[in-house]
Amino acid sequence: MDFALSDNQKNIIATFREFGESVFTPESVFQWRKDQGLPDEVVKGFVDRYFALDDQCPDGMGIMSQTLILEELCRCAGAALPFQNDLFNLQIMDGFADEAVSSRVLDDYRQTGRLMFSLGVSEPNAGSDTMSMTTSVETRDGRLVLNGKKTYVNNGEYSPSILCAAIDKDTPSEDEYPSLSFWLIPHDLPGIRAVPINKIGQSMVPFASVSFDEVELKPEYRLRGHEGGFRHLFKMLEFGRVFTCAASLGMAQVAMEDAVANARVRKAFGVSIGQFQQVEQMLTDMEVSLRTMRSMLYQAAWAIETDQPDKRLAVALMKRYIPKTATEVASSAMQILGGLGYTESARVSTIWQDCRGNQIAEGTDQIMVYISAPLIMDSYKQV
């Protein structure tokens, strides 16, 4: 089996490594964390490079290329970045909108560097149980009315529009899944209210809770490119899980780099701490974890890209393992740095926070067990 990256993939990594190392200096990252976002020139720089490479690919930028980009940029920044949400949101848009709407959104993103919409799927009392959403659309007295609440809506305070998932009460369900619809809604409609969520990590990725109180919609707000409902949404969520794990791996990698650098130069009892057997064991276990995470990430991305029959299991196992293990790697890096690792001046502390959040994002560790176990049972039927 050939595990080597292609020349094109190496070029993608080199392009975004040069970009990431030039813009994500420690001083800049510290400031942008405080600002809770990236400046226009940085997001535009990302988009320009992304689409320049996309134009060079005959079949467009696939999920494996996107994975490599996100891993490298999060390694350079030592932080969770909004780009993973942008790419995931575009997947949802492309999966549910018709070509005219999808092209308009993509062209705007290409020109401005910022998505014209935020994505509202998760709800306060549903979380990973997407089918328990209660946000709904129904016709009353000749009016289309939206009611409900979404949480962890990336950029939900500022985006011009909201791509909202809602139960369609006007359409009877044809199977065990409720009837699901997506609506691209102007943010300034009466009845929409956004409140920021103050998190302990992922400071450069602002989220908000968005409520909809008797919001009147127009029929043309509805996306009509795909009628797959929840079944199709579940497939789309796999992209988000790969992107979340790519970010986690990138951050864990740079936490390892910081730990090794510190172990080389810091001395205790007259020798560098990298010569202590306990630290050697920690570094060894961290490296095993990194190599295992990378293998699982690339396998899952490849499984989606090549439509392998076990792709759903590969993604669930990856999401179960990588964010949790990345958090552990960041925690070990903090331990190696000692007291310095517990300060705001050491990025391993904020890396730990960002990776810990990814254990909840896009389906919790526990939900991945719920998805994986039945698939594992089925896979062993023939044994």
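1. Aromatic pairs come up 11 times when the whole structure is searched. Here, Phe, Tyr and Trp rings (six-membered ring for Trp) pair if their centres lie within 6.5 Å, with planes under 30 degrees apart called stacked, over 60 edge-to-face and the rest tilted. Bear in mind that this is a predicted model, where local features need pLDDT of at least 70, side-chain atom pairs count only at pLDDT 80 or more, and totals for chains, interfaces and linings use all residues. Residues are numbered from 1 along each chain as its sequence is written, and side-chain values use heavy atoms, leaving out hydrogens and water.

2. Take Tyr50 and Phe51: their rings sit edge-to-face, 5.3 Å centre to centre with 90° between the planes. Tyr50 and Phe51 are both buried (under 20% relative accessible area; exposed is over 50%, partly exposed in between; 1.4 Å probe, protein chains only). Ring pairs also tie them into a cluster with Phe16, Phe46, Phe83 and Tyr109.

3. Phe269 and Phe276 make a tilted pair, at 6.5 Å and 50°. Phe269 is exposed, at 81% relative accessible area, while Phe276 is partly exposed at 24%.

4. On to the nonpolar cores (buried Ala, Val, Leu, Ile, Met, Phe, Trp, Tyr and Cys joined through side-chain atoms within 4.5 Å). The largest has 102 residues, and Phe24, Phe46 and Phe182 have the most contacts inside it. Helix H7, residues 229-265, is its top contributor with 18 residues (helices are DSSP runs of H or I, at least four residues, numbered from the N terminus).

5. Beyond four places in sequence, Phe182 has contacts (heavy atoms within 4.5 Å) that include Ile92, Phe96, Leu119, Tyr221 and Leu233.

Notes: Helices (H or I, at least four residues) and strands (E, at least two) are DSSP runs, numbered from the N terminus.
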